[in-house]
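Here is a short tour for anyone who likes to look at a model before computing with it. Keep the viewer open and follow along.

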Amino acid sequence: GGVLELDGVSKSYGTESVIADLSLSVEEGEILTLLGPSGCGKTTTLRLIAGLDRPDGGEVRLNGNVVSGGDTFRAPEERGVGVVFQEFALFPHLTAAENIAFGLKDLDEAERDERVRDLLDLVGLETQGESYPDELSGGQQQRVALARSLAPEPAILLLDEPFSNLDVDLRVQMREEVRRILKEAGVTAVSVTHDQEEAMSISDRVAVMNDGDLEQIGEPEQVFQHPESRFVAGFLGYAGFLPGRIAGEVVETELGTVGRDQIHGLAPEYDDTDIDILVRPDDVSAHPCGDGGEGHGKVVGKRYLGPTILYEVELHGGDSLLCMHNHDETVPTDGCVEVTLDAGHELAW
Ligand code: ADP
Ligand code: MG
């Protein structure tokens, strides 16, 4: 088993079921991120792991020992769990070094000083130990909070939306930095976010949650490239769905036939069946129609994404696809467009 195991965990508040039958396992030294929209139960899951809440059913195990389940319920301080919440409140009247030393009362002074120095070093604040929180930048304060939670060498570190109080530039920089720090410390961690980019960049594995259920768990690339549900496909990046019908070796769609070997996940035994194909915006393009051409549809929306533009194309059949283009490519927004699919798609049920 892993360092952390959730086994059939459930939790309701009143009559509202928040977590239903959640099972997952986190390996030693792994960074797992719970990713999902606001209200899907991420914070609740962390609270159940930390022992801040008690599950209605199922078991939570840490290093093989039941900490919640049946009649057992270990208090948070007995679990060896470190927590970094969104508002990483430091003690304002203590220096960075004193904040980090706060959880190290059991060590003698020399050991404690050495441990604090190592941690300041780890988070890149070796010269800031004597600074007070209000003398530090937001990013530096967050490093102190992280060092403080790592100080007692927790069995597992829980991070709840740790970047949401930072501005955008810093957020991107800090997630690289936090991953480096966690890996260097060798700590097992469960983090939580609603931001898919953040999840992809800090995690070894991502667990996508929707409404209290685990939709899919896997390495970031795997989950992004091979989503197993429409929810996952849509939550991790832009997605369009193109209906088709399997006819032997091809799938017939409004945009022409697609070889069935071009559709990942389509089992060989399926035939004469209606399916939807997942079409990512960079796997499809829109072009001007020839003179008097009918084309496939028309552009009904245009969104600037910095270096590229995302066009929403409504097909004659009523379905919509998203097409990504560079600024120098001409896509008419007031007439018909032809739509071309690249090779290689995912099946979407
Ligand atoms: P997330 O962190 O994914 O945004 P939460 O775990 O905080 O979601 O909340 C999940 C659901 O549980 C929400 O609908 C929320 O309103 C509800 N909830 C969370 N905590 C409580 C509570 N203490 N009492 C009642 N409902 C709660
Ligand atoms: Mg939350």
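## Before we start

Helices and strands here are DSSP runs numbered from the N terminus, a helix having at least four residues and a strand at least two. Please keep in mind that this is a predicted model.

## Two loop residues with positive phi

With those terms in hand, go to Asp272, which sits in the loop between strand S15 (263–264) and strand S16 (274–279). Its phi is positive, about 50°, although Asp272 is not a glycine. Most residues other than glycine have a negative phi. Is Asp272 buried or exposed? Asp272 counts as exposed because 8 other C-beta atoms lie within 10 Å, and a residue is exposed at 12 or fewer.

Asn63 also has a positive phi, near 45°, and is a residue other than glycine. You will find Asn63 in the loop between strand S4 (57–62) and strand S5 (65–69). Asn63 has 16 other C-beta atoms within 10 Å, so it is partly exposed.

The chain is divided into domain 1 (4–229) and domain 2 (240–348). Their C-alpha centres lie 40 Å apart.

Now look for the largest nonpolar core, which has 81 residues. Ile100, Ala147, Ile156, Val190 and Leu321 touch the most other members of this core. Helix H4 (residues 138–150) gives the most to this core, namely five residues. Domain 1 (4–229) and domain 2 (240–348) both give residues to this core, so the core lies between them.

Setting aside neighbours within four places in sequence, Val190 is in contact with Leu4, Val26, Leu32, Leu34, Leu46, Ile49, Ile156 and Leu158.

## Around ligand 1

Which residues are around ligand 1? They are Tyr13, Val18, Gly36, Ser38, Gly39, Cys40, Gly41, Lys42, Thr43 and Thr44. By type, this shell divides into three nonpolar residues, six polar ones and one charged. Helix H1 (residues 42–50) supplies the largest share of the shell, three residues.

## An exposed phenylalanine

Phe91 is found in the loop between strand S7 (81–84) and helix H2 (96–101). With 12 other C-beta atoms within 10 Å, Phe91 is exposed. Leaving aside neighbours within four places in sequence, Phe91 is in contact with Asn99 and Phe102.

For a sense of distance, take Phe91 and Gly297: they are 206 residues apart in sequence, and in space they are 60 Å apart, C-alpha to C-alpha.

Notes: Residues numbered from 1 in each chain as written. Chains lettered and ligands numbered in written order. Predicted model: local features only at pLDDT ≥ 70, side-chain atom pairs only at ≥ 80, totals over all residues. Near = placed C-beta within 6 Å. Nonpolar A, V, L, I, M, F, W, Y, C, P; charged D, E, K, R; others polar. Core = buried A, V, L, I, M, F, W, Y, C linked by C-beta atoms within 7 Å. Buried ≥ 20, exposed ≤ 12 C-beta atoms within 10 Å, placed from the backbone. Domains from an automatic or database assignment. Contact = placed C-beta atoms within 7 Å.
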